[in-house]
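Notebook open, model loaded. I want to jot down what I look up, entry by entry.

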Amino acid sequence: MRWWRRLAKRGEMERHLDAELRFHFDGLVADNLRAGMSEPEARRSARLQFGGVEQVKEECRDARGLAWLDGIVSDLRFALRGFRRDWAFTLASIAMLALAIGLNVTVFTVMDAILFRGVPLVKGNDQLLFIQERYPSGRCCVSYPDFEDWRSQAHAFQSMAFMADGLVPFRERQERPTDVFAFDVSTNLFRLLGVQPMLGRDFVPADEAPGAPLVAILNYRFWESRFGKRADIAGLAVQIDGAPATIIGVMPEGLDFPTQGHMWIPIAHTPALQQRGLTPGGFEVVGRLRDGASLEDARTELVTINRRLEAEYPVTNRNLFINLFSYSAQIAGENATRIFGSLWAGACLVLLIACANLTNLTLARTIGRSREFSTRIALGAGQWRMVWQILEESLMLAGAGGALGWWITNWAVRTWAVATASPYQVVDYTINSGIFAYLVAISIAAAILVSLPPIGRVVRMEMKGALKGDARGVTEGPRGKHLTAALVVSQTALAVVLLSGAGVLVRSFVAIVSADTGVRDPEHILVGSVRLPSDKYSIPNARIGYFERLDAQLRTIPDVEQEAVASALPAGLGNLRPFEIEGRPDQQDRGDSAHFLSVGSKYFRLVGAPPISGRDFDDRDRTGAVPVAIVNESFTAKFWPGEQPLGKHLRATDRSPPGEWRTVVGVVPNIMQGDLIRQSFKPLIYLPARQEPVGRRAYFLLRASLPRDQLASAVRAEVQKVDPDVLLTDFGTLKAHFAFDRDSMDAEHSELAKQAAVSPIFALIALLLAAIGLYAVMAHSVSQRTKEVGVRMATGAAGEDIRRMILSEGMLPVAIGIILGLVASLAVNRILQSQLVGVSSYDPITMAGAPVILFLVALLACQIPARRATRINPTEALRWE
Amino acid sequence: MTQSKSDLPQGTLDLLILKVVLLGPIHGYAIAQRIQQISRDVLQVQQGSLYPALHRLENRGLLAAEWRDTETGREAKFYHLTAKGQTQLKSETENWKQLAKAVRLILESSEADSL
């Protein structure tokens, strides 16, 4: 008979076993009667002869080999009965586990996605490296001739591909072109990635050759939105950047490489591309490592090649240094491993706290049930059976917690993915079977962890024979008390660590967001971003003309006081360019660099930073007039300390030949620009937008008396009136733009921003768990000590004394935990040090605040049981006896 | 849980049960009686050992059981030997005889030595 059939027939077998033994018993009775005993005597004698029926039955079940299954079923039923009785315990435990497991698995999923999964669809992600070059000034990214030298000389790579990006006008027939985002790539890119087009053909090297007909491969999303997934797309004739082109294929859904875009086209080998030195346009290089080659091998090799190039081309390649990133470093910064590792460690701490709590609750339950256990042991239940039962109960709780946790994870990961979605970051957040296995594993681990102390207790109980003890209320021995106190200490310590870690992260985040930008009341400045189509506005004068018309139109809106154009918004980046000062040629490090901005003539008054010396830009500063510039205070402090800056000359040196010398005509107060973490005012050079026009993407600023909502439609209408083809986006107050804009942050700090948003959730959960844990321990202790408290009160202790006694007993381990936690968080926060902005890892406010918060919460958690203790009625407590 | 309440060496009880059951279908109570009778009250089988042993043997397929009426008209579980049980009994008996012979040899020789 198969075991499951036996299981189904279990009831029948039990009946049979019962009947068989009863038959035997009756036989004994009959024999005794025949031997001349009276009926009651015969029965008693038979009972004595027979011994423990239950034990015989148990052994028969064991003998049938199905004992384990029977045991499980009856234990399950038993456990369920127990859970129903202690429903508060059960709900609290499951909720706690669900939260902790859900949080842990969520963080694990995110960490896995960012650190280990790599780009979706791409084969062998761990071999991919992203490479960029940089001048000491910070200017980047890759020079094409350098790339060709790497590709031909570096042995650590199987292959390498070059990528640039840009907006290009695209049209199908005779309609007006729209700008699409295209990646200009080496034709070997998709072979390097190991991804085939789902439709049509891949690029071939000939597509890259000079004079080859222009071809394009579409991103799935663009194929879907623009072409309705038409199957005959391959071969379609279109126009890209005004030139006839053919669509040759579509990449599979989900392939966004290096980031989201509309299409890929072969890199055009223009003379500009072939120039040495970093020119605008180069984006990055992706390389696939040869089997067995490491990132370090690759770095060493490329650095050697670059040193050779430096000797050969001292002008353009001097001091170029090279950066190699893995996928995770590319999307989440060099410290991604540390950031997400510590986040995960935090989630593990939370899980440990939840386990400690559950252990405490389970222990309390086990003590309450010690009579049950000792009775069962005395009745012959095996020790393993008891151990297994405890484990089984924990497994059931963890199973329920894990199931809820799975639901939480699905929800939380989806929320995280949506909240952090960015076109610049392609991350695969799908929850796969590996994640499920992880969830099962940590649930089981949690169950085992939680069961160990109660199991130890049961084992000891059997050795001591607990039934002999005070059957009326088995009280905790000193050892049990120490154990629960140790658990309180450790979870208090963990909560302090998490609280202080979250504290410094949040304060660091606040330091960035609330940094002084130098702009006067940004809530009254409205800004919008305009994108000018390339077919009309490639010529600088066209852009100057557009912004003059826009200025005139916008000022017709009655409530607009001032209007100005700028190439970048305050707190954003500028255009970092090398420059030289007249009379100071050839500084070391290939010259100095500063952020350049082109701004309209009313910009400084508008942002509330009119020149402190010299003059503002005005209508005279246009093409053909004397080239001028305005610098900020930081600039004069750095380059002309103690000198009069007005009338001095400087020029940008990144174009050959360098531009004209510009005369400095004014100095303005500092405005935040070019520092992503907003901690310092960088030296800035402002140029008049009529002399140095802004690019095709630019911003306009308005100071207006009306709020944004009432102006929005009027502004849209005017922008539409000037040129209906111009795209207006991001219209809002400057203040709103100062809030964290993760797309303009570098990878690392945007990850930190996420962490700052997530870590308080951890800390809150940890705090909540610690409070629940402490409450459970104290409530249990009070109920255990009802008799003792009764005696104390009967012998004259006042309620206040009792309260103080309970409180001090509860708060002592809390105090110890806080001290240990502070010591530990000093060490833990050091790990965060390098990522913190504007706050020390030993931040006194956090270090004082975390213990105080914890202390107050703990006091509250102790207060409730302490109050209950004072309400114990002595006579009733003693009647308990 | 304390084992072997009868003073039988490990495994011997199984052998005795198989032997008794060989005589024909028989219920548990009768098996205990029969062993006691045949051994002239030397061996008293406790039900604490007997029933687990019966269930074990049944589980191993050496015994089979069915419910049928006794002479008194009550239903009881009657055990009988399976083919597998008969083979097992034969080999076990053989083993036992050899063992007994060997033990006796040793006991007798050591007696002689000590004398």
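Burial first, since I need the term: I call a residue buried if 20 or more other C-beta atoms lie within 10 Å of its own, exposed if 12 or fewer, and partly exposed in between, with C-beta atoms placed from the backbone. Helices (H or I, at least four residues) and strands (E, at least two) are DSSP runs, numbered from the N terminus.

Ground rules. This is a predicted model, where local features need pLDDT of at least 70, side-chain atom pairs count only at pLDDT 80 or more, and totals for chains, interfaces and linings use all residues. Residues are numbered from 1 along each chain as its sequence is written, and chains are lettered from A and ligands numbered from 1 in the order in which they are written.

**Entry: α3 of chain B.** I looked up how covered this helix is: 10 of the 13 residues of α3(B) are buried. Among them are B:Leu50, B:Tyr51, B:Leu54 and B:Leu57, but also B:Gln47, B:His55 and B:Arg56. From first C-alpha to last, α3(B) reaches 18 Å, close to the 18 Å expected at 1.5 Å a residue (the expected span is 1.5 Å times one less than the number of residues). Just after α3(B), I find B:Gly61 with a positive phi of about 80 degrees.

**Entry: the rest of chain B.** I count four helices and three strands in chain B, in the pattern α-β-α-α-β-β-α along the sequence. Of the 115 residues in chain B, 29% are buried. I take two strands as paired if DSSP finds at least two bridges between them. The three strands make an open antiparallel sheet in the order β1-β3-β2. The edges are β1 (26–27) and β2 (63–69) of chain B, each pairing on one side only. Seven bridges hold the antiparallel pair β2(B) and β3(B), and B:Leu63 has B:Leu81 as its bridge partner in β3(B). Helix α1 (residues 12–22) of chain B packs on this sheet and touches β1, β2 and β3 of chain B, its direction making about 100 degrees with that of β3(B). For that angle, axes are lines fitted to C-alpha atoms, for helices over the stretch in contact, and angles run from 0 to 180 degrees between N-to-C directions.

Entry: A contact here means C-beta atoms, placed from the backbone, within 7 Å. Which element of chain B gives the most to the side that touches chain A? The contact takes 15 residues from chain B and 17 residues from chain A. α2 (28–38), α3 (47–59) and β3 (75–81) of chain B each give two or more residues to their side, and α3(B) gives the most, with seven.

**Entry: β9 of chain A.** Strand β9 (residues 263–266) of chain A points A:Met263 and A:Ile265 one way and A:Trp264 and A:Pro266 the other way, and all are buried. β4 (residues 178–185) of chain A pairs with β9(A) in the parallel sense over four bridges, with A:Ala182 opposite A:Met263. β6(A) runs antiparallel to β9(A), joined by two bridges; A:Ile217 partners A:Trp264.

**Entry: confidence in chain A.** pLDDT is the predictor's confidence in each residue, from 0 to 100. Chain A averages 83, and 89% of the residues score at least 70. Among its elements, helix α1 (residues 3–8) has the lowest mean (56) and strand β6 (residues 214–218) the highest (95). Over residues 466–475 of chain A, pLDDT stays under 50. Where pLDDT is low, the predicted coordinates should not be read in detail.

Definitions and conventions
Contact = placed C-beta atoms within 7 Å.
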